[in-house]
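Have the structure open as you read.

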Amino acid sequence: MRTHKSLLFVVFLLAACNRGGAPAAGGPGPGRGGAPAAGVTIVTVTEKPIEISSDFIATVRSLNSTSIQAQVDGRITKIYVKSGDRVRVGTPLVQIDQEKEAATLRSTESQRAGRESDVAYWKAQVARLQVLLKAGAISQNELDTAQHNLDTAQAALAALDADVREGRVQLQYYRVTAPTAGVVGDIAVREGDRITTSTVITTVDDKAGLEAYIQVPVDRAPELKVGLVTQILDAAGKVVAQNPISFVSPRADAATQTVLAKSLLRNAPADIKLQQFLKIRVIWRSAPGLTIPITAVTRVNGQYFCFIAEPAGDGLVAKQHPVQVGEVQGNNYLVLGGLKPGDKLIVSGIQKIGDGAPVRPE
């Protein structure tokens, strides 16, 4: 009886081992006793030209932007334009009180008229005395005295002529006009305000020559050069225009430790504004490289990982690989290390798998 029970126990153990034993050779897979393979999307990592770039915030400025300041001090009596008006060269902008200068000019012109009378008188005297000298009626000394008086009157008249011309020119400065054609900016003064030669009245800007001012950190300055391509990006990050760098400053800004680069905006959005901030991408160079979708990358404790599909028996398993990634380009990471061309990257379905899990391409 004891022997019979022992035989039954051995048979039970053998049956249990056959039900839960290891799968047959050939690796895990559906129907072999292992976990079913998860369906994933797999792509082959390949090299392609990668644009190495950096994004900056630039300021739009005009080659034809003029700050308007008066050349004389005084009180504003009239403003002829308003912000946004388009003006031509010579268009009156502001009138400054000119009464004092005009009164001085009138006084000078009156003195000039008196000197003209003196010149006319002494010219007549010299002509008359020359006739009398020839007739022997007067001495040479009398003629010389008259000639001296004539010379003095003519010199005084010439000086007053110069004063009148200067006064007329000075009077013109009391009417401030547009030195260039363009659009009037914000008018910072009002009628009745007293201004000086250092007061900025307004600006006149022409959108015909716009530039983007880009401040580039000094550590990237060695890569800066005229001709590098810049791209203007919209709010969504889409490229809307492309222009080359036209100028690189030979010195760095001591306060910001940046180097100024300018891009002449021959191509620019129609709604661009002066002093507007733009997002600009500088393309440093193009070189072969690898990119992978952001969705294929996971981050654990500050380290980035991805899954590679590797052969295992008759199927594939997912292997977790550390990867070094750089800047984001669109929906992809730039790969700095950890992957090589030809690797089978799992790009979707990674939430269903773990390291060593069987997978199958979908």
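Buried here means under 20% relative accessible area, with exposed over 50% and partly exposed in between (1.4 Å probe, protein chains only). This is a predicted model, where local features need pLDDT of at least 70, side-chain atom pairs count only at pLDDT 80 or more, and totals for chains, interfaces and linings use all residues. Residues are numbered from 1 along each chain as its sequence is written, and side-chain values use heavy atoms, leaving out hydrogens and water.

Helix 2 covers residues 99-135 and reaches 55 Å from first to last C-alpha, close to the 54 Å expected at 1.5 Å a residue. Helices (H or I, at least four residues) and strands (E, at least two) are DSSP runs, numbered from the N terminus. Buried residues in helix 2 include Glu101, Leu105 and Val119, and helix 3 (140-172) is part of what covers them. Just after helix 2, Gly136 has a positive phi of about 80°.

Now the pockets. A pocket is an open set of points on a 1 Å grid over the protein atoms alone, with protein on both sides within 12 Å along at least five of seven lines; lining residues have an atom within 4 Å of a point. A volume is the space filled by probe spheres set on the points.

| Pocket | Volume |
|---|---|
| Largest pocket | about 200 Å³ |
| Second largest pocket | about 160 Å³ |

Strand 2 (48-69) gives the largest share of the largest pocket's lining, four residues. In the second largest pocket, helix 2 gives the most, also with four residues; Glu101 is among the lining residues there.

How values were computed: The expected span of a helix is 1.5 Å times one less than its number of residues. Contact means heavy atoms within 4.5 Å. On a 1 Å grid over the protein atoms alone, a cavity is a set of points where a 1.4 Å probe fits but cannot get out, and a pocket is an open set with protein on both sides within 12 Å along at least five of seven lines; lining residues have an atom within 4 Å of a point.
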